[in-house]
Amino acid sequence: MLLLAVALLSTPTARAQGDDRFVVSGMGDSIAAGFGLHSSRLENALCKRQMPFAGCDFASEGWPALFAQKLTAADTGGARVDAYNWSISESRPVDWLGQGTKKMSPSIHAWFKAIQGEDPDVVAMSIVAND
């Protein structure tokens, strides 16, 4: 099992003037994406045949969203929490490094730019045993 986590934290005082958001961005594989949380075994099996594929993911219920829900006003300096889940089921470490399948690599680079554009306070990544 491989688990990689990176957190980039800024203090509430470091936030831009007038920015009332505390942004959490999560990246990873099916564990982070919430794969199959509300799907039957048959639906999951059909989805697995199309992977990498986000059609059976429930990103709003993956661990990045759950982490964001647990943050308190004390954690965020009173800012509201916005959570973004950029996870892709069955992604692998090489995919996130831009060296994986041709199907994923172009979107990974675009996603990194989009994540940067959100100006996140926390970025967390997990990848578990898809190699």
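How many salt bridges does the count come to in this structure? The count comes to 4, and several of them join up, as the notes below show by naming a network of Asp20, Arg21, Arg80, Asp82 and Glu118. Please keep in mind that this is a predicted model.

**The salt-bridge network**

- Asp20, with a relative accessible area of 46%, is partly exposed.
- Arg80 also meets the side chain of Asp82 in a salt bridge, at 3.2 Å from N to O.
- Asp82 has a relative accessible area of 15%, which means that Asp82 is buried, as the cut-off is under 20%.
- Next comes Glu118, whose salt-bridge partner is Arg21, with 3.5 Å between the closest N and O atoms.
- This pair links distant parts of the chain, 97 residues apart: Glu118 is in the loop between helix 6 and strand 3, and Arg21 is in strand 1.
- Are Glu118 and Arg21 buried or exposed? Both Glu118 and Arg21 are buried.

**The nonpolar cores**

- The largest nonpolar core has 9 residues in all: Met27, Trp86, Ile88, Trp96, Ile108, Ile115, Val123, Met125 and Ile127.
- Which elements give two or more residues to this core? They are helix 6 (105–117) and strand 3 (122–126).
- There is also a second, separate core of 6 residues, and among them are Ala68, Leu71, Ala79 and Val122.

**A look at Lys48**

- You can find Lys48 in helix 2, which covers residues 41–48.
- The relative accessible area of Lys48 is 49%, so Lys48 is partly exposed; the cut-off for exposed is over 50%.
- Leaving aside residues up to four places away in sequence, Lys48 touches Phe35 and Glu90.
- Lys48 and Glu90 are 42 residues apart along the chain, and their C-alpha atoms are separated by 8.4 Å.

Methods
Residues are numbered from 1 along each chain as its sequence is written. This is a predicted model: local features need pLDDT of at least 70, side-chain atom pairs count only at pLDDT 80 or more; totals for chains, interfaces and linings use all residues. Side-chain values use heavy atoms; hydrogens and water are left out. A nonpolar core is a set of buried Ala, Val, Leu, Ile, Met, Phe, Trp, Tyr and Cys residues joined through side-chain atoms within 4.5 Å. Buried means under 20% relative accessible area, exposed over 50%, partly exposed in between (1.4 Å probe, protein chains only). Helices (H or I, at least four residues) and strands (E, at least two) are DSSP runs, numbered from the N terminus. Contact means heavy atoms within 4.5 Å.
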